[in-house]
Amino acid sequence: YAGAPGAYNLALGGGAGVYWQTDGGFSISTSYLSTNAGQGCPNANTGCENAGGLATDAAGSNATTQIAYAPDNWGVAAVYTKASGDNGVGVYGGNATPGAVDVAMSGVSNSYGLSVWWMPEESGWIPSISGGWGLTDIPSSNIAGVKSATTQSWYVGLEWSDVFLMGNSFGIAAGQPTFITDIDTGDDSDYVSGGGYAWEFFYKFQVTDNITVTPAVHYLSKPFPNQSSDNTTTGLSGLVKTTFKF
């Protein structure tokens, strides 16, 4: 998600896109889709509030434009996405706090993202570095008592290649999942500002040329922010990922 789950929301549906790239590494792409593109008006005589289609008031529209520059071992990209959150298009729940999901789905959203990455020419003590930042603005919300809201997210990742053995790698990432940074409401007494932090540690074993095994540990400092000022709940999880390439 490059630190911007609101802009890179992975929406799927009917639509079209254009991608253009130069030999020097510059690229630009733009696309439009509707998550309910195949759903037409059920009955024109009874109204079309539940209709879908392309570029209609009821369409689950998602339009994204990205400009990027990526030469040999580094890159930078900027992205903008306009999504119909009120028609079900927006940030995935696993990438945001519960409150951030609610406001993202309460109106049309404008999401922005900026990401960078750099990789050393040779493996060693200096890791590859990647980072990203995202902001989503909901200028008009349909939640009672909420006029508008803004959410943000970010991450920084480090990865060392050929750690202990050739082909193995070790990585660390830290950031904040999408959380509310500003909200316009008449009564904000129940709102607690701020968001929790997320950490990830992983080590990738190159078992064979076609198989890798990656154990990982994740830590959340505050899985449910913006709900109570004395919330001290933390989250810890682990997984082992096996990847086969043919």
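Biologist: Which residues is Leu 54 in contact with, leaving aside neighbours within four places in sequence?

Modeller: Gly 14, Tyr 32, Ser 34, Ala 37 and Ala 59. Keep in mind that this is a predicted model.

Biologist: Where is Leu 54 found?

Modeller: In the loop between strand 2 and strand 3, the latter being residues 61–69.

Biologist: How far apart are Leu 54 and Ser 34, in sequence and in space?

Modeller: They are 20 residues apart in sequence. From C-alpha to C-alpha, the gap in space is 5.9 Å.

Biologist: What is Ser 27 in contact with, beyond its neighbours in sequence?

Modeller: Setting aside residues within four places, there are two runs to look at. Tyr 19, Trp 20 and Gln 21 are in contact with Ser 27. Gln 66, Ile 67 and Ala 68 are too.

Biologist: Zoom out. How are the strands arranged?

Modeller: There are 11 strands in an open sheet. Their order is 1-2-3-4-5-6-7-8-9-10-11, with antiparallel pairing.

Biologist: Which strands stand at the edges?

Modeller: Strand 1 and strand 11, the latter spanning 235–244. Each has a single partner strand, so one side of each has no neighbour in the sheet.

Biologist: What does the twist average?

Modeller: It averages 10 degrees from one strand to the next.

Biologist: Take strand 5 and strand 6. How many bridges join them?

Modeller: Nine, and the two strands run antiparallel. Strand 5 covers residues 108–118, and strand 6 covers residues 128–138. For a landmark, find Val 116: Gly 131 in strand 6 stands opposite.

Biologist: And what joins strand 9 to strand 10?

Modeller: A hairpin, through four residues. Seven bridges link this antiparallel pair. Gln 206 stands opposite Thr 212 in strand 10.

Biologist: How many bridges do strand 10 and strand 11 pair over?

Modeller: They pair over 10 bridges, again in the antiparallel sense. There, Ala 216 has Leu 239 of strand 11 as its bridge partner.

Biologist: New topic. Which residues make up the largest nonpolar core?

Modeller: Nine residues: Val 91, Ala 96, Ala 100, Val 101, Val 103, Ala 104, Ile 138, Ala 149 and Ile 180. Helix 1, residues 98–104, gives the largest share, with four residues.

Biologist: What does Ala 96 touch?

Modeller: Not counting residues up to four places away, Ala 96 touches Val 91, Val 101, Pro 177 and Thr 178.

Biologist: What is in the second core?

Modeller: That one is separate and has six residues, including Ala 4, Tyr 8, Ala 77 and Val 79.

Biologist: How many cavities of 30 Å³ or more does a search find?

Modeller: Two in the whole structure. The largest cavity holds about 50 Å³ of space. Among the residues lining it are Val 91, Ala 104 and Thr 178.

Biologist: Last one. Which residues have a positive phi, without being glycine?

Modeller: Ala 2 is one of them, with phi near 55 degrees. Phe 164 is another, with phi near 70 degrees. Most residues other than glycine have a negative phi.

Biologist: Where do Ala 2 and Phe 164 lie?

Modeller: Ala 2 is in the segment before strand 1, which spans 14–21. Its relative accessibility is 27%, so Ala 2 counts as partly exposed. Phe 164 lies in the loop between strand 7 (146–161) and strand 8 (169–185). With a relative accessible area of 76%, Phe 164 is exposed.

Technical notes: Residues numbered from 1 in each chain as written. Predicted model: local features only at pLDDT ≥ 70, side-chain atom pairs only at ≥ 80, totals over all residues. Heavy atoms only, no water. Core = buried A, V, L, I, M, F, W, Y, C linked by side-chain atoms within 4.5 Å. Buried < 20%, exposed > 50% of the residue type's maximum accessible area, 1.4 Å probe, protein only. Contact = heavy atoms within 4.5 Å. Pairing = 2+ DSSP bridges. Axes fitted to C-alpha atoms, helices over the stretch in contact; angles between N-to-C directions. 1 Å grid on protein atoms, 1.4 Å probe; cavity = no way out; pocket = protein on both sides within 12 Å on 5 of 7 lines; lining within 4 Å. Points joined across faces, edges and corners; volume = space filled by probe spheres on them.
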